[in-house]
Amino acid sequence: MQESRFLWGFVPSFAFRGGPVLTLDAKGRITVPARWRDVLMSTVQGQMVVAKNASGCLTLYPRPVWDTFEAELVRLPMKYEGWRRMYIGSATEVEIDAASRVLLPPELRAWAGLEREVVFMGVGDKFELWDKARYEAAEALTIASGLPEELQNQVAG
């Protein structure tokens, strides 16, 4: 993790990659993997925001990352009001508890189809939470659409 200068001081700059398939408990809690929990507790005191993602999953943001994203959304022209509503209107503040879990609101779990197996994936400065079957279907569609020309020389095919 790096720190970058931001308006009023230092704000963490995160780089999360990959992640496991986890089990959602009966109360709708997901355990934050240990490899990320410690950095999130030390840098943002476990303060996170969970919101809908247009891909059909949930996005879990460290609080400073969410604050930056929300500020960008607010500056968008009115023609993007529906997107602003989807993201900001669904945003819920959550906290990593003493047992390293985050409670996901039931309405967001239902919207994303999260019932049992959840892919907890680091994607840069945030995490995506996917229903395992939904993620596998989305990934299959991505692969079926073919590798974009811009990536053909960048990744092994």
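**Close-up views of a predicted model**

View 1. A hairpin of 2 residues leads from S10 to S11.

**View 2. S10 also pairs with S3.** Strand S3 covers residues 16–18, and S10 covers residues 117–124. Their pairing is antiparallel, over 3 bridges. Gly-18 lies opposite Gly-122 in S10.

**View 3. S4 is another antiparallel partner of S10.** Strand S4 spans residues 21–23. It is joined to S10 by 3 bridges. Val-21 has Val-119 of S10 as its bridge partner.

View 4. Phe-16 belongs to strand S3. Is Phe-16 buried or exposed? Phe-16 has a relative accessible area of 3% and therefore counts as buried, the cut-off being under 20%. Beyond its neighbours within four places in sequence, Phe-16 touches Trp-36, Val-39, Leu-40 and Pro-62 among others. Its contacts also include Gly-122, Val-123, Gly-124, Asp-125, Lys-126 and Phe-127. Phe-16 and Arg-35 are 19 residues apart in sequence. In space, their C-alpha atoms are 9.7 Å apart.

**View 5. The buried side of the account for H3.** Helix H3 runs over residues 81–90. Its buried residues are Arg-84, Met-86, Tyr-87 and Ser-90. Which elements do the buried residues of H3 pack against? Two are strands: S6 (47–52) and S8 (92–95). Two are helices: H2 (63–75) and H4 (106–112). An α-helix has 3.6 residues a turn, so residues three or four places apart point the same way.

View 6. Tyr-80 sits in the loop between H2 and H3. With a relative accessible area of 32%, Tyr-80 is partly exposed, because that class lies between the 20% and 50% limits.

Technical notes: Residues numbered from 1 in each chain as written. Predicted model: local features only at pLDDT ≥ 70, side-chain atom pairs only at ≥ 80, totals over all residues. Heavy atoms only, no water. Pairing = 2+ DSSP bridges. Helix = DSSP H or I, 4+ residues; strand = E, 2+ residues; numbered from the N terminus. Buried < 20%, exposed > 50% of the residue type's maximum accessible area, 1.4 Å probe, protein only. Contact = heavy atoms within 4.5 Å.
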